[in-house]
Amino acid sequence: MRRILALLALTIPFANAAANADEWRAPFITTPADVVERMLQMAETRADDLVIDLGSGDGRIVIAAAQQFGARGLGIELDGALVEKSRKNAELAQVSSRASFVQGDALTADISRATVITVYLLPALMAKLQSRFINQLAPGTRIVSHAFTMAGWAPDRSETVRITQRHPGQGNESRVHLWIVPANVRGVWRSPEMQVRIEQNYQSIDIEGASRATLSGHNIAWEIGGARFSARVDGDRMTGEMFVMGTSRPFALTR
């Protein structure tokens, strides 16, 4: 069995009374190989992805994404010594052309190009990142977290991962959570033939008159009476197909 070892840095805030300012420490927090592999699998990591690991430690999750899935990876790590170690590890793994590392703060670094985000941060830091995830990441971006969730934003999917090999500080299982960044669909959408009013709380949506409505990234679907609608959202335009009595026809709505 191919073994992947991931070593993530868990950033922990602490108060510096003398300076009256927050600083960040980045100690090593190891993650079991089973968890790392499953995180990348849950994200459906592909060769055309850019995986950004927030708090990347010595870089092994980024290296795993490059080695096992052919993806490009970027590790963002506060500790300069770990950044250098990550680069050396990428060279040894012969993936330095696809795995890069920068010294930076996960709370302020540019993450907008990511198609996959991996993260193992405490809830207080997840809370600080939550608005950035929504405002800066493109709809459809996958976020995978080891252990911790976000307040008010339920995961699209959660799994318990069984740990098959003994791992220091780790029990027999761990939780992994996946979010897919939703498109902004709140508002009233119109065409000459129809009007659709949508309320939204992250990926949870309510469509006036609909018996069922779902949103995943750019993709939205709902049912009203005997009609079923499936569409893609791009900004203020929605295009798709309406299915009624075994037949279909295209539709387009604007907001």
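These questions and answers go through a predicted model of one protein.

In this predicted model, local features need pLDDT of at least 70, side-chain atom pairs count only at pLDDT 80 or more, and totals for chains, interfaces and linings use all residues. Residues are numbered from 1 along each chain as its sequence is written, and side-chain values use heavy atoms, with hydrogens and water left out.

Reader: How many helices and strands does the protein have?
Author: Helices (H or I, at least four residues) and strands (E, at least two) are DSSP runs, numbered from the N terminus. On that basis the protein comes to 4 helices and 19 strands.

Reader: What share of the residues is buried?
Author: Buried means under 20% relative accessible area, exposed over 50%, and partly exposed in between (1.4 Å probe, protein chains only). The protein has 255 residues, and the buried share is 46%.

Reader: What share of the accessible surface belongs to carbon and sulfur atoms?
Author: Accessible areas come from the Shrake-Rupley method with a 1.4 Å probe; for residues, only the protein chains shown count as cover. The total is about 12700 Å², and the carbon and sulfur share is 48%.

Reader: Among contacts between residues at least 6 apart in sequence, what percentage joins residues at least 24 apart?
Author: Contact means heavy atoms within 4.5 Å. Take the contacts between residues at least 6 apart in sequence; the part joining residues at least 24 apart is 56%.

Reader: How many salt bridges are there in the whole structure?
Author: Side chains of opposite charge can pair when their charged atoms come close. A salt bridge here is a side-chain nitrogen of Lys or Arg within 4 Å of a carboxyl oxygen of Asp or Glu. A search of the whole structure gives 11.

Reader: How far apart in sequence are the parts tied together by arginine 142 and aspartate 49?
Author: The two residues form a salt bridge, with the closest N and O atoms 2.6 Å apart. Arginine 142 lies in strand β9 (residues 142-146), while aspartate 49 is in the loop between α1 (33-42) and β5 (50-54), so the pair ties together parts separated in sequence by 93 residues.

Reader: Are these two partners buried or exposed?
Author: Arginine 142 has a relative accessible area of 11%. For aspartate 49 the value is 1%. Arginine 142 is buried, and aspartate 49 is also buried.

Reader: Which residues are linked with Arg142 in a network of salt bridges?
Author: The pair of arginine 142 and aspartate 49 belongs to a network. Linked with Arg142 are Arg46, Asp48 and Asp49.

Reader: Which residues line the largest pocket?
Author: On a 1 Å grid over the protein atoms alone, a pocket is an open set of points where a 1.4 Å probe fits, with protein on both sides within 12 Å along at least five of seven lines; lining residues have an atom within 4 Å of a point. The volume, the space filled by probe spheres set on the points, is about 150 Å³. The names are Met42, Ala43, Glu44, Arg46, Arg142, Asp156, Arg157, Leu178 and Ile180.

Reader: Which residues does methionine 194 touch?
Author: Methionine 194 sits in the loop between β12 (187-190) and β13 (195-201). Methionine 194 is buried, at 18% relative accessible area. Phenylalanine 251 is 57 residues away in sequence, with 9.5 Å from C-alpha to C-alpha. Not counting residues up to four places away in sequence, methionine 194 touches Trp189, Phe229, Phe251 and Leu253.

Reader: What separates the C-alpha atoms of asparagine 219 and arginine 232?
Author: Asparagine 219 lies in strand β16 (residues 219-224). Its contacts beyond four places in sequence are Thr214, Ala231 and Arg232. Asparagine 219 and arginine 232 are 13 residues apart along the chain, and their C-alpha separation is 4.7 Å.

Reader: What is the phi of alanine 147?
Author: Alanine 147 is in the loop between β9 and β10 (157-162). Alanine 147 is partly exposed, at 32%. Although alanine 147 is not a glycine, its phi is positive, at about 80 degrees.
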